[in-house]
Amino acid sequence: MNKFANISQKLMMWVCMLFLCVLTVAAMPAAADEESYFSYTELQLHANFDREPLEDDIWTATFEHFSEWKYGDNFFFLDIESKPNFKAEADTLYFEYATRFSLEKMFGIRILPEKYFGEVYATVQYNDSDRDFINQAWLYGISIDFAGQPNFGFSNVHFLLRKEKTQDISYQLTFAWGQPFRLGNLDFSFNGFFDYWKDDEKHVFLAEPQLRLPVSNFLGKDSFLSNASIGTEIEVSRNFFGKNYGWEVNPTIFISLLF
């Protein structure tokens, strides 16, 4: 790719990101609405030691947003990876935007048994990066929430068609979860996701479970760091970095702050 084509690609990426952010904000309820909806915005800073497959020490900053609205919800995140040796300089950008539309709220019907399942959604997702070796992807499908988790925990499964640039249409299975729990006198949270998909050459597995410890356990609820957490994330993957790579395990330590 020549220099001018690369500049054009990056410009288009940032235009798409801005457009998706505007959609996210537009979907959030106004303060004057009678009905309130859950939302959060979070910043995470991860330290990656000897990150495979290049064995580099890098920072990863993650900006994440989730918000509900009358007929569904929106999810957006942006990963910024630093250059090696923990340099404070961006090297790779990657983002995903997903929106879900509740079929039950839109059509006023109950689809699955309420005892075991929550709502059923139609969903669309867009993934992209500023790096040529990470393909743009569109995903379409169905998302199902599970019911009955304690302490306001959640989990859902996504059955998706995957249209990745340079690849034939394939499929992807995604499972995501978040479960607060208490151990002794301390509050914790176990969050994460796993993706499984197929492209023209390989089957890919990617999981990122996180264990979080809220700082409020030690500083109380009134500190300026009460919305912060410390924790660890383990990225487990197979063929994620290419068909010549097998299983890779990349642990991180991180701090996060909710806004």
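What follows is a set of questions and answers on this model.

This is a predicted model, where local features need pLDDT of at least 70, side-chain atom pairs count only at pLDDT 80 or more, and totals for chains, interfaces and linings use all residues. Residues are numbered from 1 along each chain as its sequence is written, and side-chain values use heavy atoms, with hydrogens and water left out.

Q: How many helices and strands does the protein chain have?
A: Helices (H or I, at least four residues) and strands (E, at least two) are DSSP runs, numbered from the N terminus. Going by that, the protein chain comes to three helices and 13 strands.

Q: What share of the residues in the protein chain is buried?
A: Buried means under 20% relative accessible area, exposed means over 50%, and partly exposed is in between (1.4 Å probe, protein chains only). Out of 259 residues in the protein chain, the buried share is 40%.

Q: Among contacts between residues at least 6 apart in sequence, what percentage joins residues at least 24 apart?
A: A contact here means heavy atoms within 4.5 Å. Take the contacts in the protein chain between residues at least 6 apart in sequence, and the part joining residues at least 24 apart is 46%.

Q: Which residue in strand 12 stands opposite Leu-206?
A: Strand 10 also pairs with strand 12 (residues 228-238), in the antiparallel sense and over three bridges. Leu-206 of strand 10 has Asp-195 opposite it. Look over to strand 12, and the residue opposite Leu-206 is Ser-237.

Q: How far apart in sequence are the parts that Arg-212 and Glu-42 tie together?
A: A salt bridge is a side-chain nitrogen of Lys or Arg within 4 Å of a carboxyl oxygen of Asp or Glu, and the side chains of Arg-212 and Glu-42 meet in one at 2.6 Å, N to O. Arg-212 lies in strand 11 (residues 210-214) and Glu-42 in strand 1, so the parts they tie together are apart in sequence by 170 residues.

Q: Which residues does the salt-bridge network join?
A: The structure holds twelve salt bridges. One of them has Lys-83 and Glu-89 with their closest N and O atoms 3.2 Å apart, and another has the side chains of Arg-182 and Asp-187 meeting at 2.6 Å, N to O. Salt bridges that share partners make one network, and its residues are Asp-73, Arg-100 and Asp-145.

Q: With which side chain does the side chain of Asp-145 make a polar contact?
A: Asp-145 lies in strand 6 (residues 137-146) and is buried, because its relative accessible area is 16%. Leaving aside neighbours within four places in sequence, Asp-145 is in contact with residues including Arg-100, Phe-117 and Ser-155. A polar contact is a pair of N or O atoms within 3.5 Å (within protein, one must be able to donate a hydrogen and the other to accept it, and residues adjacent in sequence count only if both atoms are side-chain atoms). At 3.3 Å, the side chain that makes one with Asp-145 is that of Tyr-121.

Q: Where is the cis peptide bond that ends at Pro-53?
A: Most residues other than glycine have a negative phi, and most peptide bonds are trans. Pro-53 lies in the loop between strand 1 (39-51) and strand 2. With omega near 5°, the cis bond runs from Glu-52 to Pro-53.

Q: Is Phe-152 buried or exposed?
A: Phe-152 is found in the loop between strand 6 and strand 7 (154-164), and its phi is near 60°, a positive value in a residue other than glycine. Its relative accessible area is 85%, so Phe-152 is exposed.

Conventions. Pairing = 2+ DSSP bridges.
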